[in-house]
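Student: Please show me the chain, and then I will ask about its parts.

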Amino acid sequence: MKKLTTTSGLLLLCWASLVSASDFSPIGLWKNIDDETGKPKALIRITETNGELTGKIEKLFRSPDQEQNPVCNKCSGDLKDQPITGMTILSNLKKDGDEYAGGQILDPANGKTYKSKLSIEENGQKLRVRGYIGIPALGRTQTWLREQ
(Lines give C-alpha, C1' and ligand atoms only; values in the text may rest on other atoms or scores of the structure.)
Protein backbone atom coordinates (compact mmCIF):
# COMPACT_ATOMS: atom_id res chain seq x y z
CA MET A 1 0.00 0.00 0.00
CA LYS A 2 2.86 2.37 0.86
CA LYS A 3 4.43 1.72 -2.57
CA LEU A 4 1.11 2.51 -4.28
CA THR A 5 0.83 5.79 -2.35
CA THR A 6 4.40 6.76 -3.26
CA THR A 7 3.81 5.90 -6.93
CA SER A 8 0.55 7.86 -6.95
CA GLY A 9 2.33 10.82 -5.37
CA LEU A 10 5.07 10.72 -8.00
CA LEU A 11 2.52 10.51 -10.82
CA LEU A 12 0.62 13.47 -9.37
CA LEU A 13 3.85 15.47 -9.08
CA CYS A 14 4.78 14.67 -12.71
CA TRP A 15 1.30 15.62 -13.91
CA ALA A 16 1.45 18.92 -12.00
CA SER A 17 4.80 19.78 -13.53
CA LEU A 18 3.45 19.09 -17.03
CA VAL A 19 0.42 21.30 -16.41
CA SER A 20 2.54 24.17 -15.10
CA ALA A 21 5.01 23.82 -18.00
CA SER A 22 2.19 24.55 -20.42
CA ASP A 23 1.56 27.83 -18.57
CA PHE A 24 5.01 28.95 -19.64
CA SER A 25 4.11 29.29 -23.29
CA PRO A 26 4.63 32.68 -24.94
CA ILE A 27 1.33 32.22 -26.77
CA GLY A 28 -1.17 34.84 -25.63
CA LEU A 29 -1.63 38.57 -25.20
CA TRP A 30 1.31 40.66 -23.97
CA LYS A 31 1.72 44.32 -23.01
CA ASN A 32 5.09 45.57 -24.18
CA ILE A 33 6.85 48.06 -21.97
CA ASP A 34 9.15 50.63 -23.56
CA ASP A 35 12.70 49.96 -22.35
CA GLU A 36 13.49 53.69 -22.50
CA THR A 37 10.39 55.25 -20.87
CA GLY A 38 9.06 52.33 -18.80
CA LYS A 39 5.55 53.02 -20.14
CA PRO A 40 3.24 50.57 -21.94
CA LYS A 41 3.40 50.89 -25.73
CA ALA A 42 1.13 48.20 -27.16
CA LEU A 43 -0.73 44.95 -26.75
CA ILE A 44 0.75 42.19 -28.88
CA ARG A 45 -0.86 38.82 -29.51
CA ILE A 46 1.59 35.96 -30.00
CA THR A 47 0.36 32.90 -31.87
CA GLU A 48 2.00 29.71 -33.08
CA THR A 49 1.68 28.11 -36.49
CA ASN A 50 3.68 25.03 -37.48
CA GLY A 51 6.10 25.54 -34.58
CA GLU A 52 6.81 29.21 -35.40
CA LEU A 53 5.75 32.16 -33.28
CA THR A 54 4.25 35.31 -34.75
CA GLY A 55 3.33 38.50 -32.91
CA LYS A 56 0.78 41.05 -34.10
CA ILE A 57 -0.06 44.45 -32.58
CA GLU A 58 -3.66 44.53 -31.37
CA LYS A 59 -3.72 47.89 -29.62
CA LEU A 60 -1.45 50.92 -29.20
CA PHE A 61 -1.25 53.01 -26.04
CA ARG A 62 -0.98 56.59 -27.31
CA SER A 63 -1.24 59.91 -25.50
CA PRO A 64 -4.14 62.14 -26.58
CA ASP A 65 -1.80 64.50 -28.44
CA GLN A 66 -0.48 61.65 -30.65
CA GLU A 67 -2.00 60.21 -33.81
CA GLN A 68 -4.30 57.44 -32.59
CA ASN A 69 -4.09 55.32 -35.75
CA PRO A 70 -0.51 55.81 -36.98
CA VAL A 71 0.96 54.22 -40.07
CA CYS A 72 4.46 52.88 -40.48
CA ASN A 73 5.85 55.65 -42.69
CA LYS A 74 9.45 54.53 -42.02
CA CYS A 75 8.79 50.93 -43.06
CA SER A 76 9.67 49.70 -46.53
CA GLY A 77 8.09 47.32 -49.00
CA ASP A 78 4.58 46.06 -48.34
CA LEU A 79 4.55 47.59 -44.85
CA LYS A 80 5.20 51.15 -46.07
CA ASP A 81 2.38 53.45 -44.89
CA GLN A 82 0.37 50.53 -43.46
CA PRO A 83 -1.46 50.88 -40.12
CA ILE A 84 0.68 49.85 -37.17
CA THR A 85 -2.33 48.36 -35.38
CA GLY A 86 -2.75 44.90 -36.89
CA MET A 87 0.87 44.79 -38.10
CA THR A 88 2.94 41.65 -37.56
CA ILE A 89 6.10 42.68 -35.73
CA LEU A 90 7.43 39.28 -34.56
CA SER A 91 8.00 36.40 -36.94
CA ASN A 92 9.80 33.08 -37.43
CA LEU A 93 10.71 32.49 -33.78
CA LYS A 94 11.26 28.79 -33.00
CA LYS A 95 11.79 26.95 -29.74
CA ASP A 96 15.49 26.57 -28.98
CA GLY A 97 16.03 25.07 -25.54
CA ASP A 98 14.61 27.43 -22.92
CA GLU A 99 14.11 30.30 -25.35
CA TYR A 100 12.71 31.10 -28.77
CA ALA A 101 15.21 32.30 -31.36
CA GLY A 102 15.98 32.63 -35.06
CA GLY A 103 13.25 35.15 -35.73
CA GLN A 104 12.86 38.83 -36.49
CA ILE A 105 11.26 41.79 -34.79
CA LEU A 106 10.15 44.98 -36.52
CA ASP A 107 10.40 48.32 -34.76
CA PRO A 108 7.61 50.42 -36.34
CA ALA A 109 9.15 53.58 -34.85
CA ASN A 110 12.14 53.36 -37.20
CA GLY A 111 10.92 50.82 -39.77
CA LYS A 112 13.90 48.52 -39.14
CA THR A 113 13.85 44.76 -38.70
CA TYR A 114 16.23 43.10 -36.24
CA LYS A 115 17.12 39.54 -35.31
CA SER A 116 15.16 38.50 -32.27
CA LYS A 117 14.93 36.02 -29.45
CA LEU A 118 12.72 35.77 -26.40
CA SER A 119 12.57 33.96 -23.10
CA ILE A 120 9.81 33.42 -20.58
CA GLU A 121 10.32 34.48 -16.96
CA GLU A 122 8.52 34.64 -13.63
CA ASN A 123 6.27 31.60 -14.10
CA GLY A 124 5.17 32.72 -17.56
CA GLN A 125 4.15 36.23 -16.51
CA LYS A 126 7.03 38.11 -18.17
CA LEU A 127 8.62 37.83 -21.57
CA ARG A 128 12.13 39.14 -22.26
CA VAL A 129 12.23 40.18 -25.91
CA ARG A 130 15.66 40.91 -27.38
CA GLY A 131 16.17 42.66 -30.72
CA TYR A 132 19.71 42.80 -32.05
CA ILE A 133 22.03 43.29 -35.01
CA GLY A 134 24.52 40.50 -35.70
CA ILE A 135 25.01 39.07 -32.21
CA PRO A 136 22.66 39.29 -29.21
CA ALA A 137 25.15 41.46 -27.30
CA LEU A 138 24.49 44.27 -29.82
CA GLY A 139 20.87 45.10 -29.15
CA ARG A 140 18.24 45.99 -26.62
CA THR A 141 15.76 44.13 -24.47
CA GLN A 142 12.18 44.88 -23.54
CA THR A 143 10.10 43.20 -20.87
CA TRP A 144 6.56 42.33 -21.87
CA LEU A 145 3.86 41.53 -19.30
CA ARG A 146 1.24 38.82 -19.80
CA GLU A 147 -2.26 40.22 -20.20
CA GLN A 148 -4.14 36.92 -20.52
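This is a predicted model: local features need pLDDT of at least 70, side-chain atom pairs count only at pLDDT 80 or more; totals for chains, interfaces and linings use all residues.

Tutor: Residues are numbered from 1 along each chain as its sequence is written, and side-chain values use heavy atoms, with hydrogens and water left out.

Student: What is the mean pLDDT of the chain?

Tutor: pLDDT is the predictor's confidence in each residue, from 0 to 100. In this chain 84% of the residues reach 70 or more. The mean pLDDT of the chain is 87.

Student: Which element has the lowest mean pLDDT?

Tutor: Elements are DSSP runs numbered from the N terminus: helices are H or I with at least four residues, strands are E with at least two. S3 has the highest mean, 98. Over residues 4-22 the pLDDT is below 50, and beyond near neighbours in sequence this stretch has zero contacts (heavy atoms within 4.5 Å) in the model. The lowest mean, 43, belongs to helix H1 (residues 2-22).

Student: How many bridges join S2 and S3?

Tutor: These strands form a hairpin with two residues between them, where Asn50 takes a positive phi near 50 degrees. Across the pair, Ile46 stands opposite Gly55 in S3. The pairing is antiparallel, and the number of bridges is eight.

Student: Which residue in S4 stands opposite Lys56?

Tutor: S3 and S4 pair in the antiparallel sense over four bridges. Opposite Lys56 stands Thr88.

Student: Which residues touch the most other members of the largest nonpolar core?

Tutor: A nonpolar core is a set of buried (under 20% relative accessible area, 1.4 Å probe, protein chains only) Ala, Val, Leu, Ile, Met, Phe, Trp, Tyr and Cys residues joined through side-chain atoms within 4.5 Å. In soluble globular proteins, nonpolar side chains tend to be buried together. This core has 21 residues, and those that touch the most other members are Ile46, Ile57, Ile89, Leu90, Leu118, Leu127 and Trp144. Strands S2 (40-49), S3 (52-60), S4 (88-96), S5 (99-107) and S7 (126-132) are the elements that give two or more residues to this core.

Student: Is Asp98 buried or exposed?

Tutor: Asp98 is in the loop between S4 and S5. Its C-alpha is 8.0 Å from that of Ile120, which is 22 residues away in sequence. Exposed means over 50% relative accessible area. Because its relative accessibility is 75%, Asp98 counts as exposed.

Student: What is the phi of Asn123?

Tutor: Most residues other than glycine have a negative phi. Asn123 lies in the loop between S6 and S7, and at 60% relative accessibility it counts as exposed. Although Asn123 is not a glycine, its phi is positive, about 55 degrees.

Conventions
Two strands pair if DSSP finds at least two bridges between them.
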